[in-house]
Amino acid sequence: MCRNVLFLFVFLIGLFFISSCTNRTTTISGTIDKQTKLLYSNPDLAVCFDDFLDTLVPDDQGRFELRLDLKEGRFIFIRTSGSRYKYLLPVQPGEKYKISIDENNGLLAYGPNEAGIELYQSVWNEGLRPMAMDWRAVFENDTFSRDEMIEKVKQEELTGFKKLLDNKKITRSFYKLIVGDRDCFYASISAGLYLQDMLKIYRSPKTDNSILAEENTMKQLQNIFDRYKPDDKNLMKSPSWTKYALSMYTKFYKQYFAKHINRDNIESLINADSHFSFWFEQIRQSFRGETLEPVLALLIYRDGGVSSNKLVKASIPVFQYFKEKYPESPYLPYFQSPMNRMLAFYTGSELDPSIRFIESGDSIDSFSELISQLKGKKLYVDIWGNWCAYCREEFQYKDSLEVILKQNNVIPLYISLDEVNQDKTWEALVYAYNLRGIHFRANRAFIDDLRKLYRDEKNENPGGNEKKSFSIPWYMLIDENGNIVEKQAKRPSEIVVTKRLFD
């Protein structure tokens, strides 16, 4: 009898363990504008990162249903195409949620733990772009120390979630997810403030007091990273982990700790060209197993050139190492194509012949002069710069745009406003984004001519300031005779949605 009871007990425990490790489908549904798309962070990845996004197209009524296979609670970044707002939704395995965006662009969620989800929208989190905050002003006062204030605010937030837990309005697993996120978020804030202290110390003359301040600050940072270890898998679930593990720990703290940064080179603290290889080695030393893959992927994506304004040649061997070590990595789809094209560019491999650069660009001083060289071709002009995030965001529509341009016998002409010393960066970006078409880099005289053209379009006084700036991205349509058909043409995103090149 006892043996049977014991067997049954062991069987039930095993069944519970198996079921707890099994993926369960979580459903997120709602309605959005039918002409937009739903972008969401991939929960199959170990990290919640707001640039590793997948796309869901709604039906002709704007309805969508997102089905995710989860084995544990996760945070999901959600936004719609063309919107600057992003939202964080904490979800649990096997649950169903309905979401909507209110008139104030706030996220409303209905379903399990909805009281906790609503409370989470009111606390500081990565969805609210918290680094725009002046955290020093928030956490420094005459009553409490900075560390005490940070802990006080964190505990006040957690008290609100604990009350919901005690009142059975949220589950324990939901509460545990929030605790890990709050730990990571405030550890990142605390580390960031101490790293600012270090920067101030390194920018000041070296004295006995500054040496002591440096030692004390490094001890405080060490305490933070010992208490909240960057390779902790619970912290990895937090949307703040990317900033904490990659930026605060690897790119700042490890450079101070290893004396890789000193007073002579402090201004190059986050320069990827100078330090990328060092960051790579620090990551390999600090992270193991399941945590190494995501942090390497984030390093390649964020600092290797895919998301940055400047492609970094030193990222190529790291990318090759990553592909060899993780050939089936779920992170590769987010940066493999642009990195392969950058690799081809820098190694001199065969490049796409449909990408053509106009030679001797410095000798062309006006827009009309450039267009005269391309007479006989209908052109869709895209004026951009590598620093322009909105310009690069429009590149995601280039493949669909290309189809529509071909249907209208139109060729894309990309005019870059990058400086002459950025030629390599400009060309590498063209290949990284695979911008098939004609490319031209404007010189100073050409940019001044564009200012005049833009000013005339705005009906400004011809005697006004010819140095007046203009906005990019800027798009134009040119006919085969070199005439401007539309001086303010539709953006690629608008053309793709409407399927119309002309109004």
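**View 1. Aromatic pairs in the predicted model, with Trp-124 and Trp-135 as one example.** The count of aromatic pairs comes to 35. In one of them, the ring centres of Trp-124 and Trp-135 lie 4.8 Å apart with the planes at 90 degrees, so this pair is edge-to-face. Because Trp-124 sits in the loop between α2 (114-120) and α3 (135-139) while Trp-135 belongs to helix α3, the pair ties together parts that are 11 residues apart in sequence. Trp-124 is partly exposed, with a relative accessible area of 25%, whereas Trp-135 is buried, with a value of 6%.

**View 2. The largest nonpolar core, with 102 residues.** Trp-241, Phe-335, Phe-367 and Ile-415 touch the most other members of this core, and helix α8 (residues 241-257) gives the most to it, with 9 residues. Apart from this core lies another, of 36 residues, among them Ile-32, Phe-64, Leu-89 and Leu-158.

**View 3. The left-handed crossing of helices α10 and α11.** The axes of α10 (residues 292-303) and α11 (residues 315-325) come within 10 Å and cross at roughly 150 degrees. The contact includes Leu-296, Ala-297 and Ile-300 of α10 and Phe-319 and Phe-322 of α11; by class, it has 8 nonpolar, no polar and 2 charged residues. Phe-335 is in contact with residues including Ala-297, Ile-300, Phe-319 and Phe-322.

Definitions and conventions. Residues numbered from 1 in each chain as written. Predicted model: local features only at pLDDT ≥ 70, side-chain atom pairs only at ≥ 80, totals over all residues. Heavy atoms only, no water. Axes fitted to C-alpha atoms, helices over the stretch in contact; angles between N-to-C directions. Helix = DSSP H or I, 4+ residues; strand = E, 2+ residues; numbered from the N terminus. Left-handed = near helix turned anticlockwise from the far one by under 90°. Contact = heavy atoms within 4.5 Å. Nonpolar A, V, L, I, M, F, W, Y, C, P; charged D, E, K, R; others polar. Core = buried A, V, L, I, M, F, W, Y, C linked by side-chain atoms within 4.5 Å. Buried < 20%, exposed > 50% of the residue type's maximum accessible area, 1.4 Å probe, protein only. Phe/Tyr/Trp six-rings, centres within 6.5 Å; stacked < 30°, edge-to-face > 60°. Lists of a residue's contacts leave out its neighbours within four places in sequence.
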